[in-house]
Amino acid sequence: MTTTEIKTNDRTTGEATTVRPNPATTTTSRLNFAKAAPKVFRAVIGLDAAAREGLDPALVELVQIRASHLNRCAYCLHMHTTDARKAGESEERLHMVAVWQEADHFFTAREQSALALTDAVTRIGDAGVPDEVYDRAAAHFTEEELAHLLALIFTINTWNRIALSTAKRAGTDER
């Protein structure tokens, strides 16, 4: 726990929770990652572009939205929901991504397998990637598509960490 985090108890459940600082209210100046490490930044952009190749653009956005939910990255969540809307994604489906398991009828079996894989890879420290999750995705994607999907998940998790570490504010898309 950092000095800016606060331990508290949930009033309804009594469970202990940690309240994290809000990047939007961070008062310290953070570095501009793209300017401070341009080669690294360009490399991540290259990985991102390569990962997307051959994947349905709508699926790409759903995966990026889901990982951003899990990582609590408001900056990336705003960016990817905006991109998804521009690409024609429905508001209804965008609202259901956060609860896709309970609203699975909004998503195809292929999308569900990609979202399950996104959950497992993003939370890899919890239980790794269970065989049933991997096998489910492998049943819906070719080996090449599956490799690209995994790379996409790796990439959005990297972007989330860059945005959160440098306190990017939602709504200030700097692409």
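Predicted model: local features only at pLDDT ≥ 70, side-chain atom pairs only at ≥ 80, totals over all residues.
Colleague: What pattern does the protein chain follow along the sequence?
Modeller: Helices (H or I, at least four residues) and strands (E, at least two) are DSSP runs, numbered from the N terminus. The protein chain has 9 helices and 2 strands. Read along the sequence, the pattern is β-β-α-α-α-α-α-α-α-α-α.

Colleague: What percentage of the residues of the protein chain count as buried?
Modeller: Buried means under 20% relative accessible area, exposed over 50%, and partly exposed in between (1.4 Å probe, protein chains only). Of the 175 residues of the protein chain, the buried share is 36%.

Colleague: Why is the pair of Phe 41 and Trp 159 edge-to-face?
Modeller: Rings of Phe, Tyr and Trp (its six-membered ring) pair if their centres lie within 6.5 Å; planes under 30 degrees apart count as stacked, over 60 as edge-to-face and the rest as tilted. The structure holds 2 aromatic pairs. For Phe 41 and Trp 159, the ring centres are 5.3 Å apart and the planes stand at 70 degrees, so the pair is edge-to-face.

Colleague: How many residues apart are Phe 41 and Trp 159?
Modeller: Phe 41 lies in helix α2 (residues 38-52) and Trp 159 in helix α9 (residues 143-165). The pair thus links distant parts of the chain, at a separation of 118 residues.

Colleague: Is Trp 159 buried or exposed?
Modeller: Phe 41, at 23% relative accessibility, counts as partly exposed. Trp 159 has a relative accessibility of 15%, and therefore counts as buried.

Colleague: Which residues form one aromatic cluster?
Modeller: The cluster includes both Phe 41 and Trp 159.

Colleague: How many disulfides does the count come to?
Modeller: A disulfide is a pair of cysteine sulfur atoms within 2.5 Å. The sulfur of Cys 73 is 3.4 Å from the closest cysteine sulfur, in Cys 76, which is too far for a bond. Cys 73 is buried, with a relative accessible area of 2%, and Cys 76 is buried at 4%. By this rule, the number of disulfides is 0.

How values were computed
Residues numbered from 1 in each chain as written. Heavy atoms only, no water.
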